[in-house]
Amino acid sequence: MSSPPPHLSLFARGSWPETRRITAILRTETAGGVLLIIAAAIGLIWANTPWSNAYEALRDFQVGPAGLHLNLSLETWAADGLLAVFFFVVGLELKREFVAGDLRDPRRAALPVVAAVGGMVGPALIFLAFNLGNGDAVQGWAIPTATDIAFALAVLAVVSSHLPTALRTFLLTLAVVDDLLAVTVIAIFYTDELHLPYLGLAVLPLAAFTFAVQRRIRSPWVLIPLASVTWWLVHQSGVHATVAGVLLGFAVPVLTTRSGVGDPSAHDPGLAEWFEHRIRPLSAGVAVPVFAFFAAGVTIGGLSGMVDSLTDRVTLGIVVGLVAGKAVGILLTTFLTAKLTRAELDSELSWIDVAGVALLGGIGFTVSLLIGELAFAEQPVWEDHVRIGVLVGTLTAALLAAIVLRARNRVYRRIAEEETRDDDNDGIPDIYQQGS
């Protein structure tokens, strides 16, 4: 890969070693997941203290140029603005998987792709079953369908020391496809009013951004204005502004053909890896935690308020959808596809491992909260119940997945230890060593 540009040379030479250490930590999945949990916990606790008015005042504080229709609350800036950074990283991951990852090979991608579809259909059906006849509550059908990549991979990273690499690959592919489907759902079902002129104009800066990155231009003085204009035009069009982040991520090249090389098929890494390396810390360390801080701040109202929330059909549909709908949808569709088609489960995995991943799929924090805000923007009571349902469902799914995968981790650790002992004995099994 080419050397860093001059405006990043300070980081490259290590002039700010502490900053570099922090950003390196934020690139890990565990750190991002932990920050997300901490930020959500702070927002939830603060909103239920005697100082909750201060939290609400901060959340509702408006800032931004009114002339551009951007005089928005901090909560809206977090959902529409900062999350666009998160979805830009998602777009980079999607592009990489389609071009150079598992999604490039249909046979390898078949099971996790089908699992992602089943993992969306199952929770949606459960939510609708709970809320048919419950008025406008059916608008929230997509809330329990999303899987939070950062949170799910963080849980897997914490419990996994000996689990097969194929398990993480399966989860990552599933979550990436899930994000693609979630973005599609947001664009189609949660766009109230579409302004086609703005959407048409958004093509111009997006095309200029695409041309720039294809020419390997990395200057922020060029790319940030183009990305910002694209985001603003998509925001004005009525389509949720996070979709702009995905489109910009898709524009970045994953592979670049090397010139002057004998093999014309040879490639080197494109800008996607370079962007992801630099922007992921901003996404994991700022964008997602700030969104979680504002999104999770629901006033529960004590024990009685919690009981009322958990007995509401909207909340129940979300909790059961995330915990049971995701698990059953992912596991059932994967099993049927493996049995009825030529698609095969990776030889390193067992169906119990897939069950653990299916439970991890119920971790739907970030995108689920976003869809809840879009679905029930005019119903604050249901919006609060969505937050409680997503929190309870996500934590329950994470706990159950950790129990299953922790047990499987012990099994794989035992296998690894036995193989190590066999290697120490020059390949002679222990039983023969003891009998000699």
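Guide: Of the 436 residues in the protein chain, 47% are buried (under 20% relative accessible area, with exposed meaning over 50% and partly exposed in between, for a 1.4 Å probe and protein chains only). The model is predicted, so local features need pLDDT of at least 70 and side-chain atom pairs count only at pLDDT 80 or more, while totals for chains, interfaces and linings use all residues. Residues are numbered from 1 along each chain as its sequence is written, and side-chain values use heavy atoms, with hydrogens and water left out.

The protein chain contains 18 helices and four strands (DSSP runs numbered from the N terminus: H or I of at least four residues for helices, E of at least two for strands). Among contacts (heavy atoms within 4.5 Å) with a separation of 6 or more, 78% join residues 24 or more positions apart.

The largest nonpolar core has 93 residues (buried Ala, Val, Leu, Ile, Met, Phe, Trp, Tyr and Cys joined through side-chain atoms within 4.5 Å). Within this core, F87, F291, V314, I318, L360, F365 and V367 touch the most other members. Helix α8 gives the most to it, with 13 residues. Leaving aside residues up to four places away in sequence, L360 touches T147, A152, V155, L156, L171, A401 and L405. A second, separate core of 18 residues includes F88, A251, V252 and A272.

Helix α16 (residues 365-375) deserves attention here. Ten of its eleven residues are buried, so the helix is largely enclosed by the rest of the structure. F365, T366, V367, S368, L369, L370, I371, G372, E373 and A375 are the buried ones.

I186 and H240 are 54 residues apart along the chain, yet their C-alpha atoms are separated by 7.1 Å.

The whole structure holds twelve aromatic pairs (rings of Phe, Tyr and Trp, the last by its six-membered ring, with centres within 6.5 Å; planes under 30 degrees apart are stacked, over 60 edge-to-face and the rest tilted). The ring centres of Y55 and F293 lie 5.3 Å apart with the planes at 75°, so this pair is edge-to-face. Because Y55 belongs to helix α4 (residues 52-60) and F293 to helix α12 (residues 271-295), the pair ties together parts 238 residues apart in sequence. Both Y55 and F293 are buried.

Y198 and W232 are likewise edge-to-face, because their ring centres are 6.0 Å apart and their planes stand at 90°. Y198 lies in helix α9 (residues 196-214) and W232 in helix α10 (residues 220-237), so this pair ties together parts 34 residues apart in sequence. Y198 itself counts as partly exposed, at 30% relative accessibility. Y55 and F293 also belong, with W46 and F294, to one aromatic cluster.
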